[in-house]
Amino acid sequence: MNANTSLGDSVAGPAAGAGGLRRGLTARHIRFMALGSAIGTGLFMGSSGAIQTAGPAVLLAYVIGGAAVFMVMRALGEMVVRHPVSGSFGQYASRYIHPFAGFLVGWSFAFEMFLVAVFDATAIGLYMRFWFPEVSQWVWVLAVVCCIAAINLVGVKVFGELEFWFALIKIAAIIVLIAVGVCVILFGFGVADHDLMGVHNLVDHGGFMPHGAWGLLASFTIVMFAFGGIEIIGVTAGEAQNPKRVLPKAINSVPIRILLFYVLTLGVIMCIQPWTEITGETSPFVSLFESLGFRSAAAVFNIVLITAALSAMNADIFGAGRMLHGLAEQGQAPRAFTRTTRAGVPILTVVTMIVGLLIGVVLNFLYPDQVLFLLGALATFATVLVWLVILIAHIRMKDEMRRDHRLPSEFPVPLWPVASWLTVGFIVLVIVMVGIVPESRPALVVGLVWVALLGACYLLFVRGEGRKAYPLLDTTLPIEVADRRGARRSRAGE
């Protein structure tokens, strides 16, 4: 089993970089791509629903959910460093659980990214009502789909640069909002009702947990959707420059940054504007500026919200396309999905996702008022299903490592095995809550139908290599060798 460990990180596994994918993504690209996917409409728009469900206790929900997401990412990171392949957790599930598990998680991730992308496109249509309330929502969704299609058909390096700047704009806006909000709370600056602002707003309107423990539990069905997409870090392994060094840094930093952004931002908003006034008719960010009398600032921030949604959509289409590419390499998707352009873009997977997004245009035309919530609930189910399979694959890998006396991991998960099993329990709880909460129950029903449909497709259409566990190359180095390589890179200034 350890015969291949001397290959080190110069080898990315049998599939990495295959089919014409290019290693054009730097650490900067990958970190901001994950931020771009996870800090999007879930924070800027979906947080209103979470606030109404849990009240100020939503901050505790984001902390708990963020801790679970960090454990999922560390589990994924340990597998990525050992097996840096383009199909990521789809291939890990195939190898360590069962080929059907790889089929299920791969297609579910693509489904999740499709849902989140449609959700973001729908949110842009809502944002545009700020200026053009008379224009139909579906018109803006169609325009956005065309824009994202053009971006995703360029080379991966250009895509990475665009995603970096998209994400940078919204992160800068969040930092500015936090700073301005804190200054308004402390100094007032002539803002009306300044004396009513402060930390006391978190407990003055029914208490910190106005809907009790039930409200906190129910909010997880919305909160976990907000973090959906962060697992895209694992999908970048096939196109990352030096994945063994880049991916662990991204995995360690991104979840913590996202958690801080969510908790600090929503905490500031609810200190200024009582949670009972955050209705969800507009983004809580725009509503905040309007409540302060900064109408022009609200307009500027609405532009930021649109940029944020574009950023998230951009990352989602990238992630789904690369996952479908990996499934094709496993024999679990049409072989044509492995074809790439000269720039290294898996063109048919991207085109397939764009065609799928056009369905979102139809949904927005037919159901403009209901589509946002249902898409969010469906995406929550798909997200937690993907995370659950990642955790199970990691646990199976650790058991195999112990049984076969394989080399220790270069990037081991912390607090093993207690934290991993607690996270599994939490993810199962979220799935149960999706079924219990009446508003999200249809998403669980549709999600179970989706799983059954994938099971039927696997039995009917997957043959040959697709029914076999995917062969993964173990690139783990002995710890002392990895340490020496790390020291040389540090001296070289990498």
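1. A residue counts as buried here when its relative accessible area is under 20%. The model is predicted. By that cut-off, 60% of the 494 residues of the protein chain are buried.

2. The buried residues of helix 9 are Gly-215, Leu-216, Ala-218, Ser-219, Phe-220, Thr-221, Ile-222, Val-223, Met-224, Phe-225 and Ala-226. That is 11 of the helix's 15 residues, so helix 9 is largely enclosed by the rest of the structure.

3. Helix 9 covers residues 212–226 and spans 22 Å between its first and last C-alpha, close to the 21 Å expected at 1.5 Å a residue. Helix 9 also has a kink of about 40°, centred on Phe-220. Phe-220 is itself among the buried residues of this helix.

4. Helix 6 (residues 99–127) and helix 17 (residues 441–461) have axes that come within 10 Å and cross at roughly 130°. Helix 6 is therefore oblique to helix 17. The crossing of the two helices is right-handed.

5. On the helix 6 side, the contact is made by Pro-99, Phe-100, Phe-103, Leu-104, Trp-107, Ser-108 and Phe-111. Helix 17 contributes Trp-450, Val-451, Leu-454, Gly-455, Cys-457 and Tyr-458. An α-helix has 3.6 residues a turn, so residues three or four places apart point the same way.

6. For the chain as a whole, there are 18 helices and 0 strands. Among contacts in the protein chain with a separation of 6 or more, 84% are between residues 24 or more positions apart.

How values were computed. Residues are numbered from 1 along each chain as its sequence is written. This is a predicted model: local features need pLDDT of at least 70, side-chain atom pairs count only at pLDDT 80 or more; totals for chains, interfaces and linings use all residues. Side-chain values use heavy atoms; hydrogens and water are left out. Helices (H or I, at least four residues) and strands (E, at least two) are DSSP runs, numbered from the N terminus. The expected span of a helix is 1.5 Å times one less than its number of residues. The bend at a residue is the angle between axes fitted to the seven residues ending there and the seven starting there. Buried means under 20% relative accessible area, exposed over 50%, partly exposed in between (1.4 Å probe, protein chains only). Axes are lines fitted to C-alpha atoms, for helices over the stretch in contact, and angles run from 0 to 180 degrees between N-to-C directions. Angles under 35 degrees count as roughly parallel, over 145 as roughly antiparallel, 65 to 115 as roughly perpendicular and the rest as oblique. A crossing is left-handed if the near helix is turned anticlockwise from the far one by less than a right angle, and right-handed if clockwise. Contact means heavy atoms within 4.5 Å.
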